[in-house]
Number of protein chains: 2
Amino acid sequence: MPRSTSGWYGLRMRLDTARTLDDGLTERRFTLDVDGATVPGILWTPAGASESAPAPLILLGHPGGLDAMSPRLAGRARRSARDGFATAALELPGSGERARLEEVDAARADLRAALAAGEPVPDDVVDRLVLPLVDRSVPEHRGALDALGALPEVGGPAGYSGGIVAIGVRLALVEPRIAALGLFAGSFLPGTTVDEARRLTVPVHVLLQWDDEGNDRQASLDLFDAIGSPEKTLQANLGGHRGVPAFAGEDAARFFARHLGGRPG
Amino acid sequence: MPRSTSGWYGLRMRLDTARTLDDGLTERRFTLDVDGATVPGILWTPAGASESAPAPLILLGHPGGLDAMSPRLAGRARRSARDGFATAALELPGSGERARLEEVDAARADLRAALAAGEPVPDDVVDRLVLPLVDRSVPEHRGALDALGALPEVGGPAGYSGGIVAIGVRLALVEPRIAALGLFAGSFLPGTTVDEARRLTVPVHVLLQWDDEGNDRQASLDLFDAIGSPEKTLQANLGGHRGVPAFAGEDAARFFARHLGGRPG
């Protein structure tokens, strides 16, 4: 199948026309139908991925707003492509042009009120903010694995990389195709997520920005402690949320190359 | 100067005959005279180190007993040699065939009594156990940099890697030739060391075994938090004191290669 295929692929996904970026990276927008929801997404595939040499897929977690995030996501895609990985990102439920989620918007308003008042964020606000996204987004990510994994140039084990932590943990727990989980600590953690982390078995690499202004460091350390996987690594670096040093990205890349069988750059 | 040089080198060091290990690694015992003390040590140099291509030196920290530790140290030396580094280890004050240090032996007895009784180790016991080693060993490590750095096949910036953490912190603080500090968390930390860590400026890589049976995890996290250097990384992995995974050794090796200019393997 030619790389520029567009149109409906099977019953679930419409692939837009391919756009070739620098380094031979191919970017394609797609739309996925899952459980009645229409989910926009972007797929990046590395130069050389083909039916005879399919690229393992890493799902890129992000805090939502696919269009706004797309330049940073494309940067992560470019880095992963150097190791031979395909990557994809989905629009989160309630973000971008998707239908708003009233309960999540209400929880976000409560969150902002608590932060503005300098008060601790109540557990139920975190639950109402994050768990609906997890419940809706995890099946959508599984649908993306079905649809993108059916492309001839995508194959092999898959990974999840980034935030939202709660989505990555749930996805790795329920989806056997996820063979490696990279978490970017820094999002609000429901107690449910910490409980689910205890049951994880796949290798986990946690990246923590030590002085992340939006991050509860102790909560991240507690999450790492809870993770039940026999291989888990925490890498903490000095700096704020956007200050992840280049070498930390390289170390995370090697983690995925070790476990997903990419070709390390 | 041939690699097999032995005899007194300058006024401070006697180099024994070289022994070639596998991979072309050269091992040489030496004896250093520093401030009236006679300090045994081992130097490892990689194949290809020469006057025209001198190898940067990493001092290998270890908990003492050079002969007992030498197989594990040779393993670390072999790994570092792959990146083009020379390595050296010194017998600690009071260890091996060196004169016992009565105050340290007394503190060790107090430590064991506290541990046997299941009581917390008093701060003054930690101070009496560790600080005399720091005060004596740091000048000896500086002497080793003088003497080994004068060898034609050794040159460039230097590093310190391993425990005892308190020795590494003090050495990096007072010795400008130390350009990168790798710490293996897990030794008792005097309050003095945490205070000194605040004044560090060199890049620091801290390796922490999350379930180290002999390690106070919170003390290690507090130490990492205190480190004042603009570049600092904590890497925590699942497992006990001797269970450092191979990839963690590789990441630490890349840290030194980045900062000391070795040739990454």
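This is a predicted model: local features need pLDDT of at least 70, side-chain atom pairs count only at pLDDT 80 or more; totals for chains, interfaces and linings use all residues.
Residues are numbered from 1 along each chain as its sequence is written, and chains are lettered from A, with ligands numbered from 1, in the order in which they are written. Local features need pLDDT of at least 70, side-chain atom pairs count only at pLDDT 80 or more, totals for chains, interfaces and linings use all residues, and side-chain values use heavy atoms, with hydrogens and water left out.

The average for chain A is 90, and 94% of the residues score at least 70. Next, select residues 1–6 of chain A, where pLDDT stays under 50.

Now show both chains. The contact (heavy atoms within 4.5 Å) takes 19 residues from chain A and 19 residues from chain B. Select A:Trp210, A:Leu238 and A:Phe247: these supply 30% of the area that chain A buries against chain B, more than any other three residues. Buried area is the accessible area (1.4 Å probe) that two parts lose on being put together, summed over both.

Proceed to A:Arg217 and B:Asp225, whose side chains meet in a salt bridge at 3.1 Å, N to O. The term denotes a side-chain nitrogen of Lys or Arg within 4 Å of a carboxyl oxygen of Asp or Glu. Across this interface of chain A and chain B, the rule finds two salt bridges.

Finally, select residues 232–237 of chain B, strand β11, which pairs with β11(A) in the antiparallel sense over five bridges; strands pair if DSSP finds at least two bridges between them, and strands themselves are DSSP runs (E, at least two residues), numbered from the N terminus. Within this pairing, the bridge partner of A:Thr233 is B:Asn237.

Definitions and conventions: pLDDT is the predictor's confidence in each residue, from 0 to 100. Helices (H or I, at least four residues) and strands (E, at least two) are DSSP runs, numbered from the N terminus.
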